[in-house]
Amino acid sequence: VYMPQEDLTRFECDETDLSGQYSEAVRTLMRFEAARARSLLASGAPLARTLPFRERLAVAGFVAGGRRALDGLDEIAAGAVPAGRIVRPNRRFAWHLLRALAGR
């Protein structure tokens, strides 16, 4: 389970709640975790501006991939799509990559 146990407890969820249809408690937990991850990615994004091109591209790709995954998680948490794998259009990844290359 890729969810901190203390957060599962805080939001009154357990591992079995993470499969199948998500309750409102699980969706709230997802929004919390996504916000934390998004904040961490944002704080690291400016690092890209300080690096040589190849390293900059690698860091920007990591940040863009993380943001793209969080877009999908937001959709699940909002109840817009069922639980499962979210496939995002490549243009969304490209947008996140350009932002990350700029250090944003």
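**Reading surface, fold and one glutamate**

The accessible surface of the protein, a predicted model, comes to about 6800 Å², and 58% of that area belongs to carbon and sulfur atoms.

Me: Which secondary structure elements does the protein have, and in what order do they run from the N terminus?
Reply: The secondary structure comes to four helices and zero strands, and from the N terminus on the elements run α-α-α-α. Along its principal axes, the C-alpha trace spans about 45 × 30 × 20 Å.

Me: What share of the contacts between residues at least 6 apart in sequence join residues at least 24 apart?
Reply: Of the contacts in the protein between residues at least 6 apart, 56% join residues at least 24 apart in sequence.

Me: How should I read glutamate 33: does it count as buried or exposed?
Reply: A residue counts as buried under 20% relative accessible area, and because glutamate 33 has 13% relative accessibility, this residue counts as buried. Buried residues make up 28% of the 104 residues in the protein.

Me: Where does glutamate 33 lie, and which residues does it touch once those up to four places away in sequence are not counted?
Reply: Glutamate 33 lies in helix H2, which covers residues 24-44, and with that exclusion of sequence neighbours it touches Met3, Pro4 and Asp7.

Me: How many positive and negative side chains does the protein have, and how far apart do the centres of the two sets lie?
Reply: There are 16 positive and 12 negative side chains in the protein, with the centres of the two sets 15 Å apart.

Conventions: Residues are numbered from 1 along each chain as its sequence is written. This is a predicted model: local features need pLDDT of at least 70, side-chain atom pairs count only at pLDDT 80 or more; totals for chains, interfaces and linings use all residues. Side-chain values use heavy atoms; hydrogens and water are left out. Helices (H or I, at least four residues) and strands (E, at least two) are DSSP runs, numbered from the N terminus. Buried means under 20% relative accessible area, exposed over 50%, partly exposed in between (1.4 Å probe, protein chains only). Contact means heavy atoms within 4.5 Å. Accessible areas come from the Shrake-Rupley method with a 1.4 Å probe; for residues, only the protein chains shown count as cover. Lys and Arg count as positive and Asp and Glu as negative; His and the chain ends are not counted. The place of a charge is taken as NZ of Lys, CZ of Arg, CG of Asp or CD of Glu.
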